[in-house]
Amino acid sequence: MSKDESKEKEFDDVSEISAESLALSAWSEEGEHRETWTGKFDFFLSALGYAVGLGAVWRFPYLCYRNGGGVFLIPYFFFLVLVGIPLVFLELSVGQFTSTGPLTCWRMVPIFRGVGLSMNIVNGYLSIYYNMIIAYSLYYLVLSFTSKLPWETCNPKWASPNCVDDYSPSKFTFTSCLDFNSTLKCPNGKCFNLTTLDGGVASCNMNETLLNMVGWWNPTFPSQDYWNKVILQKSSGIEESGTIVWQLIVALIVAWIIVFAMVIKGIHVSGKIVYFTSLFPYVVLLILGIRGWLLPGAWKGIKFYIYPDFSRLSDVKVWYDAATQIFFTLSVSYGGLVALSSYNKFNNDVLRDGIFVSISNCLTSVFAGFVVFGFIGYLSHTTGQEIKDVIQAGQGLSFIVYPYAVTTIKGAPFWSILFFVMMLILGLDTMMASVETTITSVLDVAPFLKRTSLRRYLTITAICVIFFLIGILFTTKSGTYWVELFDSYPGGWAVFIVGALEAISVSWFYGFNNMKKDIELMIGRRYTKHKIFNIWFVLWAVITPGLLIVLVVLAFKDLSILKIGDYTFPYWTHILGEFMTASTLGGFVIWAIWIAIDTVFRKKKPILSLFRPDYEKWRPKKAYHYDAMLLAHGLSPKRVPSKKNLKAFDNASFQGEARF
């Protein structure tokens, strides 16, 4: 077999066009060579690890609790099928077909190229703050290597008056303290009888030996005070930045060193790391789950998790939260899926991988909910409090609720180590792919940076250092407020618009039939020959963008100031947060304005040319795949094919025109 024939073999096996019928030789061009995954499961595990992140542990279970328990799964899987899977399949197809990252791949229609820039912007926001959460996990992991966890009891050095570490029935009673005619609610979390022991009127300023205590109305776990006072050294608000917490900046440095070591050698190394980092968290989740489900009260938490409150389905907020979680969980419109799939071989079964990654990801979130609520039920049973008084959102669930829960279990340090190792690995998987997305985009737009190993290493180093320097903000005493701000805003309504633009650009302007031909070149006709494949047109053209536009409208109707616990963020942070959200969309808008001005005034071309397919820029990386694409679209290839070649493509039934 000739060299040219061997190069074409991977394509021919799928597209049913033989090497003899094509006889197209590869031509070389700048940057044509690209790394590809070397193992059979490298891509699948990388995409799975990227998508299955910390949100499965600390975000999804809380959203289920807040939105009606098990009934939340109805809108969750609704958006998985109608929004999540279609966009995952689309992004993986675009990345694999072009073999380029998000910044340079969205070229099928000139006006939409800014979609890739928007992806990189929101991915940049994620990369900046996400590693701080990994740093927290590292910090806790180091502290867990001890015979007694430091947050097990209320230490007078850092404990607040509300701190309670003994929840035995003989020493602790929880009460709402809402009967103001007979009880006194004090700021230290205690509730007293309104009448003193000697018959007088009680006051919170009196000596407690004179008061008749009813119970606690606002107790705090030792882990909560430890988190706020020791780990974060938390200030009173975001305006009070305070000094840098040196332990946190050391943890952040170590976190970035680990990420740097994982990406510096490229996908040949990171593709092997994921065999451990993607699978080990499932082992840990199962071990933690078995331990948690055997604890007293676990069923109470699980019942609370899965018991459906169907009345909540009429609440628009429930549907909005479900859609937001799908985007966050699957990392849709963040660019990572495009970047990872760009290293696939051209004939990889991208449809199969897209569906499997999406479903596996969401099932993992559901499974993690059973694990988390098992421990929450146990904690509720132990403390005598209701589930609603125990559970916390986001950082509180991972760094307050669970850390205290393990202190009440025999062998607490071991369970703490296991949990934070899982948190660390889950975070690193996502972080590695997020940084790789930025690296891929930079090297694709400036290929001269990867001509030598030194240039590539320096580029990767610069990217990591820049992200780290910006992230120093999160190591100050007000850093946790900034983490919440970055976590809440950039991935908001603008990401929905980016997702809608992805679907619209392909189905309305490039044309579904054209995209179908391109997919056929990659995976053949074993899927596309069936009429059911046209469901993707209905999804990409109507259902997916339609639902996303509705969600954007709902988001604008509920633009409220961020509130975490009892703390309400100042109004200026809301303005800043919405600016961050809008800046995500700014990538598309700025590009569209620039290309329109350049096309009309400099190139003197009609504005409609920006809305037509561009077969010069939109193309596979390898020349013989590009020639096959041109023939499939009825265009002249780079090399003139023989009559046998033309007959082969004619028999392939490549028909259809673009929308414009």
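Trainee: Why is Arg-612 called partly exposed?

Mentor: In this predicted model, Arg-612 has a relative accessible area of 35%, and because buried means under 20% and exposed over 50%, Arg-612 counts as partly exposed. Its place is in the loop between helix 25 (571–602) and helix 26 (623–632), and although Arg-612 and Pro-110 are 502 residues apart in sequence, their C-alpha atoms are 7.5 Å apart in space.

Trainee: What makes helix 14 and helix 24 oblique to each other?

Mentor: Helix 14 (residues 316–330) and helix 24 (residues 535–557) pack at an angle of about 120°, with their axes 11 Å apart. Roughly perpendicular covers 65 to 115 degrees and roughly antiparallel begins over 145, so the two helices are oblique. The contact is made by Val-316, Trp-319, Tyr-320, Ala-323 and Phe-327 of helix 14 together with Leu-548, Leu-551, Leu-554 and Ala-555 of helix 24, and the crossing is left-handed.

Trainee: How do you know that the buried residues of helix 20 line one face of the helix?

Mentor: The buried residues of helix 20 are Arg-456, Thr-459, Ile-460, Ile-463, Cys-464, Phe-467, Phe-468 and Gly-471. Seen down the axis of helix 20, they fall within an arc of 165°, and therefore they line one face. On the other side, Leu-454, Leu-458 and Leu-469 are exposed.

Trainee: Which helices do the buried residues of helix 20 pack against?

Mentor: Those buried residues pack against helix 8 (114–143), helix 10 (246–263) and helix 19 (412–445).

Technical notes. Residues are numbered from 1 along each chain as its sequence is written. This is a predicted model: local features need pLDDT of at least 70, side-chain atom pairs count only at pLDDT 80 or more; totals for chains, interfaces and linings use all residues. Side-chain values use heavy atoms; hydrogens and water are left out. Buried means under 20% relative accessible area, exposed over 50%, partly exposed in between (1.4 Å probe, protein chains only). Helices (H or I, at least four residues) and strands (E, at least two) are DSSP runs, numbered from the N terminus. The arc is that of the directions from the helix axis to the C-beta atoms. Contact means heavy atoms within 4.5 Å. Axes are lines fitted to C-alpha atoms, for helices over the stretch in contact, and angles run from 0 to 180 degrees between N-to-C directions. Angles under 35 degrees count as roughly parallel, over 145 as roughly antiparallel, 65 to 115 as roughly perpendicular and the rest as oblique. A crossing is left-handed if the near helix is turned anticlockwise from the far one by less than a right angle, and right-handed if clockwise.
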